[in-house]
Amino acid sequence: METITKIMMTIITEQNLERSIIHDLEDLGVDGYTIIEARGKGDSGIKSATWMNDTNIQIELIVDDALASKIYNYISDTKKYDNYSMMVYLSEVKVLKRH
Amino acid sequence: MTLDPVVMFFIAGFIISLMRVDFKLPSAIYEFLSIMLLITIGLKGGIELSKQHVGDLIGDVGIVLLMGVFIPLLAYPILYLLGQFKRVDAASIAAHYGSVSVGTYAVGVAFLESHHVSYESHMPLYLVVLEIPAIVVGIVLAKGISKETNWAEMAQESFLAKSIVLLFVGLFIGWAAGEKIHLSLDAFFFAPFKGILALFLLEMGVVAASQVGLLKKYGLFLLGFGIVFPVIASCVGLVFADLMGLSLGGSLLLMILAASASYIAVPAAVRIALPEANPGLSLTASLGITFPFNVIVGVPLYYKIAEMYLGA
């Protein structure tokens with residue numbers, strides 16, 4: 001089984017931000033992502049998804065180290081997302097090579 | 001006066017939710033119901049527009065726009081000075097109350113139909129018109145005319161909000177196709193209107209009840225505002241309706257438009273334009289207090305006020 005080691009970056013944030021954050025990610029060089037609608041509870045309250053504006057999204061990206069730091073630096077520097085709930089975490093993943 | 005069955009569905013949803021019964025419509029179905037309501041309301045207005053000179057309505061549209069600017073300007077000082085809210089929160093709540101709720105409007109239409117009262121059927125045009133100005137006024141109240149505001153993004157969020165686009169699609173198709181729409185689309189759009197509204201309100205009852213817990217957090221002022229302000233705004237609506245020479249039914253609908261607060265288009269636009277505003281405050285007020293108040297008490301109350309004022 002041939003695999004490549006990559007970084008999976010997961011961003012959990014408010015659904016309202018989808019358009020703007022995807023736009024930023026694409027500008028930074030991301031060319032693929034997966035978005036999942038999510039609910040849960042955290043510092044900014046319960047996101048029950050009972051209401052359209054009350055939904056979170058979980059964005060998953062598989063990137064290399066360089067791009068991951070570029071995105072991380074951008075998100076920490078920009079003040080744009082200060083007032084939104086956002087959680088970002090990284091994990092190392094092994095991506096299967098397809099023939 | 002007995003309750004309209006559609007309103008009973010709302011109350012049922014509210015009670016079910018308070019009893020912690022695990023019921024909620026799948027979100028795709030909820031979205032489908034709101035799409036049906038928006039398009040049907042749009043079509044109804046469009047068919048009516050096809051019968052008259054659209055140019056004749058420009059003056060009235062201007063008056064309605066003025067009302068859309070006036071109401072948030074009335075709400076803001078009450079919230080900021082009396083309510084002691086932060087400037088940005090006061091502006092955000094004012095924007096919600098200046099805009100409109102399609103659900104409340106639909107309840108008004110159902111009310112008029114059960115009481116066999118006619119109304120100017122181009123009212124949905126005003127529904128579209130009133131969605132916009134309050135958002136702009138709210139942003140200007142919060143920030144002044146600031147360079148920071150990304151007006152392009154704001155316009156995208158508000159003018160092209162799904163609810164406005166769908167209403168507009170209905171209006172346009174109704175206007176272009178005219179009366180003959182009834183022949184082909186009656187069974188799908190117009191006949192089931194009340195049933196669709198009933199299911200929509202059942203879900204809205206559940207959602208509104210889920211906001212009740214937050215009331216304790218935000219205090220009595222917000223509760224009072226959510227009940228008293230719509231009544232004041234409805235009277236403003238009545239004065240504007242009088243100015244436009246609307247019938248009793250039309251006056252009631254304009255009062256409802258004035259009294260209702262947005263819980264779909266404005267929250268999304270304001271979250272983007274005014275991220276510092278607390279979204280919980282305005283949503284609790286509009287969805288948890290004002291929407292139930294308008295649906296259960298407000299609509300018949302405004303009707304009484306309009307009847308007395310117009311001496312009908």
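Trainee: Over how many bridges do strand β1 and strand β5 of chain A pair?
Mentor: This is a predicted model. Strand β1 of chain A covers residues 3-14, and strand β5 of chain A covers residues 56-63. They pair in the antiparallel sense, and the count of bridges is 8.

Trainee: Which residue in β5(A) is the bridge partner of Ile12(A)?
Mentor: Strands of a sheet pair through backbone hydrogen bonds, either parallel or antiparallel. In β5(A), Ile12(A) has as its bridge partner Gln58(A).

Trainee: Which are the edge strands of the open sheet in chain A?
Mentor: The sheet has 4 strands, in the order β2-β5-β1-β6. The twist averages 25° from one strand to the next. An edge strand here pairs on one side only. The edge strands of chain A are β2 (34-38) and β6 (86-96).

Trainee: At about what angle to β5(A) does helix α1 of chain A run?
Mentor: Helix α1 spans residues 18-28 of chain A. It lies across β1, β2, β5 and β6 of chain A. Its angle to β5(A) is about 10°.

Trainee: With which residue does Glu2(A) form a salt bridge?
Mentor: Side chains of opposite charge can pair when their charged atoms come close. For Glu2(A) and its partner, the closest N and O atoms are 3.8 Å apart. The pair links distant parts of the chain, 95 residues apart: Glu2(A) lies in the segment before β1, its partner in the segment after β6 of chain A. That partner is Lys97(A).

Trainee: How many salt bridges are there over all chains?
Mentor: The cut-off is a side-chain nitrogen of Lys or Arg within 4 Å of a carboxyl oxygen of Asp or Glu. By this rule the count over all chains is 7.

Trainee: Are α5(B) and α13(B) roughly parallel or antiparallel to each other?
Mentor: Helix α5 is residues 102-114 of chain B, and helix α13 is residues 248-259 of chain B. Their axes come within 9 Å and cross at roughly 160°. Angles over 145 degrees count as roughly antiparallel. Therefore α5(B) and α13(B) are roughly antiparallel.

Trainee: How many residues of the contact of α5(B) with α13(B) are nonpolar?
Mentor: The crossing of the two helices is right-handed. Residues making the contact include Tyr105(B) and Phe111(B) of α5(B), and Leu252(B) and Ile256(B) of α13(B). The contact has no charged residues and 3 polar ones. The nonpolar residues number 8.

Technical notes. Residues numbered from 1 in each chain as written. Chains lettered and ligands numbered in written order. Predicted model: local features only at pLDDT ≥ 70, side-chain atom pairs only at ≥ 80, totals over all residues. Heavy atoms only, no water. Axes fitted to C-alpha atoms, helices over the stretch in contact; angles between N-to-C directions. Parallel < 35°, antiparallel > 145°, perpendicular 65-115°, else oblique. Left-handed = near helix turned anticlockwise from the far one by under 90°. Contact = heavy atoms within 4.5 Å. Nonpolar A, V, L, I, M, F, W, Y, C, P; charged D, E, K, R; others polar. Pairing = 2+ DSSP bridges.
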